[in-house]
Amino acid sequence: MNREDLNFYLQQTEPEQIIKLSTKIQAQHNVETLQRPVAQTLLLPVNDPVNHGKFYGGEILVVSVIVRVNQCEGWAMTMDTEQDTVFHMAVLDGAWASGIEQRAIAELVRSGKNNHHNRCCKEAAEVNATRVNFDLM
């Protein structure tokens, strides 16, 4: 598993599980906040299918935070305003970089990956149900 996958797949897990593991890590290790959770906007790049260029389709609201766990920085960003959850995700990212609780973090990521896969399959099934067969018309 890549560290780059942590932020995305942790967002797909239950927040209670993230908070529980993060709280355990904070109780046992040195965790300091470098940048408190802050709301900000980012420009959303969109690929233009006609001329294959890029343009900015608008702004999205995100919350990001940076922490340090045993001298390793952790970072997280979400597209909502859940400042508490994003803080705990950053703690898990920093813990991963420090080699702390990697097995438990990997299990949360696997759970998030499974949740994401199931959600995508359900969405695909719903979209496929609306498909029109023009040969029968």
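Val62 counts as buried, because its relative accessibility is 1% and the cut-off for burial is under 20%. The model in which this residue is examined is a predicted one. Val62 belongs to strand β2, which covers residues 54-69. Once the neighbours within four places in sequence are set aside, the contacts of Val62 are Val38, Ala39, Gln40, Leu42, Met77, Thr78, Met79 and Asp80. One of these residues, Gln40, stands 22 residues away from Val62 along the chain, yet the two C-alpha atoms are separated by 5.5 Å.

Helix α2 comprises residues 15-28, and helix α3 comprises residues 83-98. These two helices pack with their axes 9 Å apart and at an angle of about 55°. The crossing of the two helices is left-handed. On the side of α2, the contact is made by Pro15, Ile18, Ile19, Leu21, Ser22, Thr23, Ile25 and Gln26. On the side of α3, Asp84, Thr85, Phe87, His88, Met89, Val91, Leu92 and Ala95 take part. Sorted by class, the residues of this contact are ten nonpolar, five polar and one charged.

Helix α2 also meets helix α4, which spans residues 102-128. Here the axes come within 11 Å and cross at roughly 170°. This angle makes α2 roughly antiparallel to α4, because the class applies to angles over 145 degrees. Gln17, Ile18 and Leu21 of α2 form the contact with Ala104, Ile105, Leu108 and Ser111 of α4. The contact of α2 with α4 contains five nonpolar and two polar residues, and no charged ones.

A pair of aromatic rings is described by the distance of the centres and the angle of the planes. The structure holds one such aromatic pair, formed by Phe8 and Tyr9. Their ring centres are 5.0 Å apart, with 75° between the planes, and the arrangement is edge-to-face. As for accessibility, Tyr9 counts as buried because its relative accessibility is 15%, whereas Phe8, with a relative accessible area of 39%, is partly exposed.

Definitions and conventions: Residues numbered from 1 in each chain as written. Predicted model: local features only at pLDDT ≥ 70, side-chain atom pairs only at ≥ 80, totals over all residues. Heavy atoms only, no water. Axes fitted to C-alpha atoms, helices over the stretch in contact; angles between N-to-C directions. Helix = DSSP H or I, 4+ residues; strand = E, 2+ residues; numbered from the N terminus. Left-handed = near helix turned anticlockwise from the far one by under 90°. Contact = heavy atoms within 4.5 Å. Nonpolar A, V, L, I, M, F, W, Y, C, P; charged D, E, K, R; others polar. Phe/Tyr/Trp six-rings, centres within 6.5 Å; stacked < 30°, edge-to-face > 60°. Buried < 20%, exposed > 50% of the residue type's maximum accessible area, 1.4 Å probe, protein only. Parallel < 35°, antiparallel > 145°, perpendicular 65-115°, else oblique.
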